[in-house]
Amino acid sequence: MRKRVESTGAVGFGVAVAAVVVGLVLWRYGAQPGLRGGFEGERDWSLLYVELPVMLFGFPAVTLVTWRLSRSLLSCRAGWVTRAVVPVVAVCVAVVVLAWVSLMWLHIRVAPFVHPG
């Protein structure tokens with residue numbers, strides 16, 4: 001029983017680290033035009049103190065909640081293969097949806113710097 005708890009914690013830590021990396025990479029890619037100063041050197045510093053913390057803390061929080069919820073819903077109703085695969089698929093779907101929403105949001109936020117007028 002102890003080994004199962006340790007492996008669950010390791011997987012949770014891995015999920016959180018992967019979500020932080022995805023959030024940071026997406027923020028860097030999406031916020032770059034606003035931080036670079038695309039139109040007359042104008043920069044949007046709120047990308048640093050609003051969007052960056054939301055993506056760095058929001059991605060792992062949502063993915064960990066998704067992972068834990070899917071594991072708890074399947075804890076006694078499914079076989080061990082289902083309990084291992086479904087949470088991973090749920091986390092992957094959550095990360096893809098978060099990435100898509102974040103990129104759309106950052107695209108809207110930096111649109112004035114990319115296409116002024």
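Helices are DSSP runs of H or I spanning at least four residues and are numbered from the N terminus. The structure is a predicted model, in which local features need pLDDT of at least 70 and side-chain atom pairs count only at pLDDT 80 or more, whereas totals for chains, interfaces and linings use all residues. Residues are numbered from 1 along each chain as its sequence is written, and side-chain values use heavy atoms, with hydrogens and water left out.

Helix α2 covers residues 46–73 and includes Glu-51. Glu-51 counts as buried because its relative accessibility is 5%, the term denoting under 20% relative accessible area with a 1.4 Å probe and protein chains only. The side chain of Glu-51 forms a polar contact of 2.8 Å with that of Arg-109 and another of 3.1 Å with that of Trp-105. A polar contact is a pair of N or O atoms within 3.5 Å; within protein, one must be able to donate a hydrogen and the other to accept it, and residues adjacent in sequence count only if both atoms are side-chain atoms.

Phe-59 also lies in helix α2 and is buried, at 2% relative accessibility. The C-alpha atoms of Phe-59 and Leu-98 are separated by 7.1 Å, although these residues are 39 apart along the chain. Beyond four places in sequence, Phe-59 is in contact (heavy atoms within 4.5 Å) with residues including Ala-19, Leu-26 and Leu-98.

Note on methods:
Helix = DSSP H or I, 4+ residues; strand = E, 2+ residues; numbered from the N terminus. Buried < 20%, exposed > 50% of the residue type's maximum accessible area, 1.4 Å probe, protein only.
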